[in-house]
Amino acid sequence: ANFEQREVDIAGHHIAYLIGGQGDILLLLHGFGADKDNWSRVAHDLTPHFQVIAPDLPGFGDSSREPKATYAFGDQVDNVHAFVQALNLKTFHIGGNSMGGAIAGLYAARHPDMVTSVWLLAPAGVDSAEPSELTGLLAQGDNPLLVHTAADFERLLDFVFVEIPSIPGPIVGYLTEQAIAQRPFNEKIFQDFIARPASLESEAQNIQAPTLITWGDQDRLLHVSGAAILDALIPDSHVVIMKNIGHIPMIERPHESAQQ
């Protein structure tokens with residue numbers, strides 16, 4: 001991936017991030033319960049053309065977790081802006097997956113002077129999309145994104161991928177341990193989403209930069225119908241629906257995702 005890890009302090013948070021490559025800056029934001037390493041596979045194809053920066057958003061990965069802070073979408077947009085200012089970035093491309101996609105889109109809508117282009121990979125925050133399988137499970141009080149056991153982690157992998165990437169057993173074990181350990185804080189963050197909702201759909205018309213919307217047609221977390229909704233709202237947008245792909249295209253098909 002041609003990455004190295006660095007760290008920086010912003011107001012109230014300590015941020016770990018990956019950086020590598022050359023060219024225009026591309027800032028990439030991970031999804032809920034994930035971290036900066038979600039971009040390592042696709043970065044192999046991106047770093048020859050961009051200087052890629054992938055932070056652990058506050059509350060995730062190696063970044064700080066502050067119990068008294070809030071981590072709703074709007075809070076994270078502010079955190080990203082503080083991060084951008086700390087790195088003295090002037091203009092950049094921005095992208096994100098799932099939660100990170102909503103944050104990237106909201107950032108582009110609220111800071112249009114900073115953003116050159118936008119890459120939304122199955123972003124959250126499309127309120128009028130058709131209900132997904134996740135929507136139904138949440139209504140029943142079942143949140144597959146919160147991992148209590150090793151079986152829960154296996155279920156989560158099956159839920160987000162059509163074809164689970166090959167992962168060595170010891171790595172699966174480590175990732176399972178981390179997901180279980182982080183579950184209580186992830187639950188707090190999920191409650192912050194509910195308490196302080198923000199809608200990408202309601203602000204999408206304010207995105208001025210050219211926008212690529214990428215979605216897997218077999219996404220079980222966020223229904224693919226969200227792609228057409230955003231396409232109709234964003235003035236300069238293009239949609240790519242990836243066949244037989246789940247919720248995390250840049251991990252499941254990294255090369256194909258980068259070629260878009």
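Strand E7 (residues 211–216) is largely enclosed by the rest of the structure, because six of its six residues are buried (under 20% relative accessible area with a 1.4 Å probe, protein chains only). Burial covers both faces of E7: Thr211, Ile213 and Trp215 lie on one side, with Leu212, Thr214 and Gly216 on the other. This is a predicted model, where local features need pLDDT of at least 70 and side-chain atom pairs count only at pLDDT 80 or more, while totals for chains, interfaces and linings use all residues. Residues are numbered from 1 along each chain as its sequence is written, and side-chain values use heavy atoms, with hydrogens and water left out.

On one flank, E7 runs parallel to E6 through four bridges, and Leu120 sits opposite Ile213. E7 also pairs with E8, again in the parallel sense, over six bridges; here Ile213 faces Val239. Getting from E7 to E8, the chain passes through helix H8 (residues 225–233) in a right-handed β-α-β crossover (clockwise from the first strand over the helix to the second, with the strands pointing away from the viewer). Strands (E, at least two residues) and helices (H or I, at least four) are DSSP runs numbered from the N terminus, and pairing takes at least two DSSP bridges.

Zooming out, eight strands make an open, mixed sheet ordered E1-E2-E4-E3-E5-E6-E7-E8. E1 (4–10) and E8 (237–242) each have a single partner strand, so one side of each lacks a neighbour in the sheet. Further along, E3 (residues 24–29) and E4 (residues 50–55) run parallel, joined by four bridges, with Leu26 opposite Val52.

Technical notes. Buried means under 20% relative accessible area, exposed over 50%, partly exposed in between (1.4 Å probe, protein chains only).
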